[in-house]
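Hi everyone, thanks for making time.

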Amino acid sequence: MAALRPLVKPRIVKKRTKKYIWHQSDRNVKIKWNWQKPRATDNRVCRRCKGQILMSSVGYGSNKKTKHMLPSGFQKFLVHNVKELEVLLMCNKSYCAEIAHNVSLKNIVSCKAIVERAAQLPSHHLSQRQAAR
């Protein structure tokens, strides 16, 4: 069977892909990299001086239509068992199945059943090599 294509595949625009780092976290070891908004009145990042670290803001947000979209044009749907895979029958042009990472080695038989069923259904699915463990 030929690979399924998404119903619509809009161009995904990422306004910013770099992580925001905490001001002066690159200088001090005790300061973590995780973003913290500077709140001091004297802080040059807070005052948005030229050449300083950029602050995160609402304007950097992704488009609602392309948020959480994979480069293929599908959105992920996490599948734990065969029953959850059946849900994708109605919306197989917009969502693709991804086998959950916590499907254990004990349940590998169940995992193989998921992949076998997914191959029969007209839907797009990810992480097939997990079933080959």
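**The salt bridge and the rest of the tour**

Okay, let's begin with charges: there is one salt bridge in this structure, meaning a side-chain nitrogen of Lys or Arg within 4 Å of a carboxyl oxygen of Asp or Glu. Before I show you where, a word on what you're looking at: this is a predicted model, where local features need pLDDT of at least 70 and side-chain atom pairs count only at pLDDT 80 or more, while totals for chains, interfaces and linings use all residues. Residues are numbered from 1 along each chain as its sequence is written, and side-chain values use heavy atoms, with hydrogens and water left out.

So, which residues make the salt bridge? Lys 76 pairs with Glu 98, and their closest N and O atoms are 3.8 Å apart. Lys 76 sits in strand β1 and Glu 98 in strand β2, so the bridge ties together parts that are 22 residues apart in sequence. When I say strand or helix, I mean DSSP runs numbered from the N terminus: H or I with at least four residues for helices, E with at least two for strands. Lys 76 itself is partly exposed, because its relative accessibility is 46%. On that scale, buried is under 20% relative accessible area, exposed is over 50%, and partly exposed is in between, using a 1.4 Å probe and protein chains only.

Let's zoom out for a moment. The protein chain has two helices and three strands, and along the sequence they follow the pattern β-α-β-α-β. Of its 133 residues, 25% count as buried. As for contacts, meaning heavy atoms within 4.5 Å, take those between residues at least 6 apart in sequence: 48% of them join residues at least 24 apart.

Now the inside. How many residues make up the largest nonpolar core? There are 11 residues in all, among them Val 79, Leu 85, Ile 99, Val 103 and Leu 121. A nonpolar core here is a set of buried Ala, Val, Leu, Ile, Met, Phe, Trp, Tyr and Cys residues joined through side-chain atoms within 4.5 Å. Strand β2 (95–99) and helix α2 (108–120) each supply at least two residues of this core, and α2 gives the most, with three. As background, nonpolar side chains tend to be buried together in soluble globular proteins.

While we're on α2, look at Glu 116, which is found in that helix. Glu 116 counts as exposed, because its relative accessible area is 53%.

Next, the rings. The structure holds two aromatic pairs, where rings of Phe, Tyr and Trp (its six-membered ring) pair if their centres lie within 6.5 Å; planes under 30 degrees apart are stacked, over 60 edge-to-face, and the rest tilted. One of the pairs is Tyr 20 with Trp 35, which is tilted, at 6.0 Å centre to centre and 55 degrees between the planes. Both residues are in the segment before β1 (75–79), 15 residues apart. Buried or exposed, what is Tyr 20? Tyr 20 is buried, because its relative accessibility is 19%, while Trp 35 is partly exposed at 24%. Together with Tyr 60, these two form one aromatic cluster. And there's a charge here too: Arg 16 lies over the face of Tyr 20, at 4.3 Å from the ring centre. That label needs NZ of Lys or CZ of Arg within 6 Å of the ring centre and within 35 degrees of the ring normal.

Staying in the segment before β1, we also find Thr 66. At 4% relative accessibility, Thr 66 is buried. Leaving out residues up to four places away in sequence, Thr 66 touches Pro 10, Arg 11 and Ile 12.

Arg 48 is exposed at 59% relative accessible area, and His 68 is exposed at 68%.

Last stop: Cys 91, in the loop between α1 (82–85) and β2. Cys 91 is partly exposed, with 27% relative accessibility. In sequence Cys 91 and Leu 7 are 84 residues apart, yet C-alpha to C-alpha they are 9.7 Å apart in space.
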